[in-house]
Amino acid sequence: MNKKILVIGATGKLGEPVARQLLKDGFKVKVFSRNVNKAKEQLDDRFEYVRGDVSDSATINTALEDCWGIHFSLRGGFTTEELNRVEYQGLVNTINAAKKNDVRRFVFLSIAVDLEKARWFPMADVKLKSENALMNSGIPYTIFSATSFYENFPQMIRSGKASTIGKQPNLWRFVSADDFAKMVSKSFQLDQAANKKFYVLGPEALTIKEGLSKYLKIVHPEIKKVSSVSIGMIAFIGTVTFNRELKYLAELMRFFEREKEYGDSKETDELLGAARTTIEQWAKNQIDNSGLN
Ligand SMILES: NC(=O)c1ccc[n+]([C@@H]2O[C@H](COP(=O)([O-])OP(=O)(O)OC[C@H]3O[C@@H](n4cnc5c(N)ncnc54)[C@H](OP(=O)(O)O)[C@@H]3O)[C@@H](O)[C@H]2O)c1
């Protein structure tokens, strides 16, 4: 296949599986990264690499010269200012460069919540503005509104202890990044996936604590208990230690407590294939891939 896709965020937790799946499915893949040496260490020489930053329009323009499509999966900061400057303005810069280079498909990763209602949270506001900018751009787009990923669970373990933040009563149909990557690749192959928004929801509805407990049972059977830390405590520690990441984490967990998963994945499942990997299967794959067994 001659189609080349520029993957912005290919070194990220959710962008890397997409870059790998695209390659597997015969696309040429160009990795756009601020640090090409680090990206090359993480990925391999089957990818093409280009140094770039979404805040620098010239680098996106050059990177896109020979690309048919873009996959945009970027995480760009912790404060409202950073989210707007890096994620939103970065997307606008990329849209403008894509127009100049006649890009034929622009895939964007968003989140499966009611964004209008959730606008109080800066990340949701940025996703909503980004979706609108892309839908109004005239470029054939595919938006993926994804629920929470299994890939978040390992981050809930620190120093041999597992914890969730806040009460988190809401149910999420967690999904694996590999299942999502297959959907993205398929969407690049189908004309019918153009100018559509797809909800990405996994096979089973679980609270964060239920999901984490299932993950622990398989990957960390030595951890018997999941503790719960209050959101206020995390926010307090973040404030007194001037830790922006921790402060953002507290806000993010408040967001997950207040907002519910949203959307219907029927069309996604029919056109792009359903996300069938269960938390148990995903956790077993983690062990197999790490060579722990
Ligand atoms: N986690 C979830 O459950 C979930 C659910 C739905 C949607 N999402 C969305 O998924 C997206 C990706 O998340 P992730 O966890 O994969 O992120 P991540 O692991 O933190 O990766 C961030 C990526 O962004 C790139 N990046 C950051 N600033 C950049 C810049 N200025 N120019 C170019 N690239 C830049 C980094 O590339 P380099 O460092 O190589 O430059 C890196 O590849 C986020 O937008 C998130 O909101 C996540």
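Which strands and which helix do the buried residues of helix 1 pack against? They pack against strand 1, strand 2, strand 4 (69-72) and helix 6. This is a predicted model, in which local features need pLDDT of at least 70 and side-chain atom pairs count only at pLDDT 80 or more, while totals for chains, interfaces and linings use all residues. Residues are numbered from 1 along each chain as its sequence is written. Helices (H or I, at least four residues) and strands (E, at least two) are DSSP runs, numbered from the N terminus.

- Helix 1 has 8 of its 10 residues buried, so it is largely enclosed by the rest of the structure. A residue is buried if 20 or more other C-beta atoms lie within 10 Å of its own, exposed if 12 or fewer, and partly exposed in between, with C-beta atoms placed from the backbone.
- The buried residues of helix 1 are Gly 15, Glu 16, Pro 17, Val 18, Ala 19, Arg 20, Gln 21 and Leu 22.
- The axes of helix 1 (residues 15-24) and helix 6 come within 8 Å and cross at roughly 50 degrees. Axes are lines fitted to C-alpha atoms, for helices over the stretch in contact, and angles run from 0 to 180 degrees between N-to-C directions.
- Helix 1 and helix 6 are therefore oblique to each other. Angles under 35 degrees count as roughly parallel, over 145 as roughly antiparallel, 65 to 115 as roughly perpendicular and the rest as oblique.
- On the helix 1 side, Pro 17, Val 18, Gln 21 and Leu 22 meet Ala 177, Asp 178, Ala 181, Lys 182, Val 184 and Ser 185 of helix 6. Two residues are in contact if their C-beta atoms, placed from the backbone, lie within 7 Å.
- This contact of helix 1 with helix 6 divides into 6 nonpolar, 2 polar and 2 charged residues. Ala, Val, Leu, Ile, Met, Phe, Trp, Tyr, Cys and Pro count as nonpolar, Asp, Glu, Lys and Arg as charged, and the others, Gly among them, as polar.
- Gly 26 follows helix 1 and has a positive phi, near 95 degrees.

- An open sheet is formed by 7 strands in the order 3-2-1-4-5-6-9, with parallel pairing. Two strands pair if DSSP finds at least two bridges between them.
- Strand 3 (48-51) and strand 9 are the edge strands, each pairing on one side only.
- From one strand to the next, the twist averages 20 degrees.
- Strand 1 (residues 4-8) and strand 2 (residues 28-33) run parallel and are joined by 5 bridges. Lys 30 in strand 2 is the bridge partner of Leu 6.
- Helix 5 (residues 122-135) lies across strand 5 and strand 6 (141-146), and runs at about 160 degrees to strand 5.

- Another open sheet has 3 strands in the order 7-8-10, and its pairing is mixed.
- Its edge strands are strand 7 (157-158) and strand 10 (226-229), each of which pairs on one side only.
- Strand 7 and strand 8 (residues 161-165) run antiparallel and are joined by 2 bridges. Arg 158 stands opposite Lys 161 in strand 8.
- Helix 7 (residues 208-219) packs on this sheet, where it touches strand 8 and strand 10, and its direction makes about 165 degrees with that of strand 8.

**Helix 8 and helix 9**

- The axes of helix 8 (residues 231-240) and helix 9 (residues 244-258) come within 7 Å and cross at roughly 160 degrees. Helix 8 and helix 9 are therefore roughly antiparallel to each other.
- By class, the contact of helix 8 with helix 9 has 8 nonpolar, 2 polar and 2 charged residues.

**Residues in loops**

- Ala 193 is found in the loop between helix 6 (177-189) and strand 9 (196-200). Ala 193 is buried, with 22 other C-beta atoms within 10 Å.
- The C-alpha atoms of Ala 193 and Leu 271 are separated by 8.0 Å, although these residues are 78 residues apart along the chain.
- Asn 195 is found in the loop between helix 6 and strand 9, and has a positive phi of about 60 degrees although it is not a glycine. With 12 C-beta neighbours inside 10 Å, Asn 195 counts as exposed.
- Asp 102 lies in the loop between helix 4 (80-100) and strand 5 (105-111). Asp 102 is not a glycine, yet has a positive phi of about 55 degrees.
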